[in-house]
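Subject: Structure handover and findings

Hello,

Here is the structure we discussed. Please look it over, then read the notes below.

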Amino acid sequence: MSESYESERRTDGLDVAVLQRRLAAFAAARDWQQYHTPKNLAAALSVEASELVEIFQWLTPEQSARVMEDEDAAARVEDEVADVLAYLLQFCEVLGIDALAALSAKIDRNEGRFPVNERR
């Protein structure tokens, strides 16, 4: 991707809470909260993750590693990543999960389960 494209996409001022509030406001303005149940959001998250997988489905490992070099493919990947993240953040919001704390705790557990010296 070009340097100017990447400089337009900086997200230095964004954080999870800000994005969750924007998503909640977006849904509220459209009266969509009634549909944002944990079950529906989990299903939507799965669908969007599958759409991300679909982009890579028939690519070789080498092609998949270079997918972001093609502007159209890169845009599709970014859109699906955004959809996955949006549904995950909405899911966490509805259930009161702090996504960053949950991730940090999971990393801590994995560090205990998979010590550096242990090879599997």
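A contact here means heavy atoms within 4.5 Å. By that rule, and not counting residues up to four places away in sequence, Gln 20 touches Leu 89, Cys 92 and Glu 93.

Two sentences on conventions. The model is predicted, so local features need pLDDT of at least 70 and side-chain atom pairs count only at pLDDT 80 or more, while totals for chains, interfaces and linings use all residues. Residues are numbered from 1 along each chain as its sequence is written, and side-chain values use heavy atoms, with hydrogens and water left out.

Overall picture

The chain has six helices and zero strands. Helices (H or I, at least four residues) and strands (E, at least two) are DSSP runs, numbered from the N terminus. The order is α-α-α-α-α-α from the N terminus on. Of the 120 residues, 14% count as buried. The classes are: buried, under 20% relative accessible area; exposed, over 50%; partly exposed, in between (1.4 Å probe, protein chains only). Take the contacts between residues at least 6 apart in sequence: 64% of them join residues at least 24 apart. The accessible surface comes to about 9,200 Å², and 54% of that belongs to carbon and sulfur atoms. Areas come from the Shrake-Rupley method with a 1.4 Å probe; for residues, only the protein chains shown count as cover.

Helix α2

α2 has 14 residues and reaches 20 Å from its first C-alpha to its last, close to the 20 Å expected at 1.5 Å a residue. The expected span is 1.5 Å times one less than the number of residues. Which residues of α2 are buried? They are Gln 20, Leu 23 and Ala 27. Seen down the helix axis, the buried residues of α2 fall within an arc of 65°, so they line one face. The arc is that of the directions from the axis to the C-beta atoms. An α-helix has 3.6 residues a turn, so residues three or four places apart point the same way. On the other side of α2, Arg 21, Arg 22 and Ala 29 are exposed.

What do the buried residues of α2 pack against? The partner is α5 (71–95). Gln 20 itself has a relative accessible area of 12%.

Val 16 is also in α2. At 23% relative accessibility, Val 16 is partly exposed. Leaving aside neighbours within four places in sequence, Val 16 is in contact with Leu 89 and Leu 100. Val 16 and Ala 99 are 83 residues apart in sequence, yet 8.2 Å apart in space, C-alpha to C-alpha.

Helix α5

α5 has 25 residues and reaches 36 Å from first C-alpha to last, close to the 36 Å expected at 1.5 Å a residue. Its buried residues are Ala 73, Ala 74, Val 77, Glu 80, Ala 86, Leu 89, Gln 90 and Cys 92. They pack against α2, α3 and α6 (99–113).

Asp 31 is in the loop between α2 and α3 (38–56). Its phi is near 55°, a positive value in a residue other than glycine. Asp 31 is partly exposed, at 46% relative accessibility.

Phe 26 lies in α2 (residues 16–29) and is partly exposed at 40%.

Best wishes
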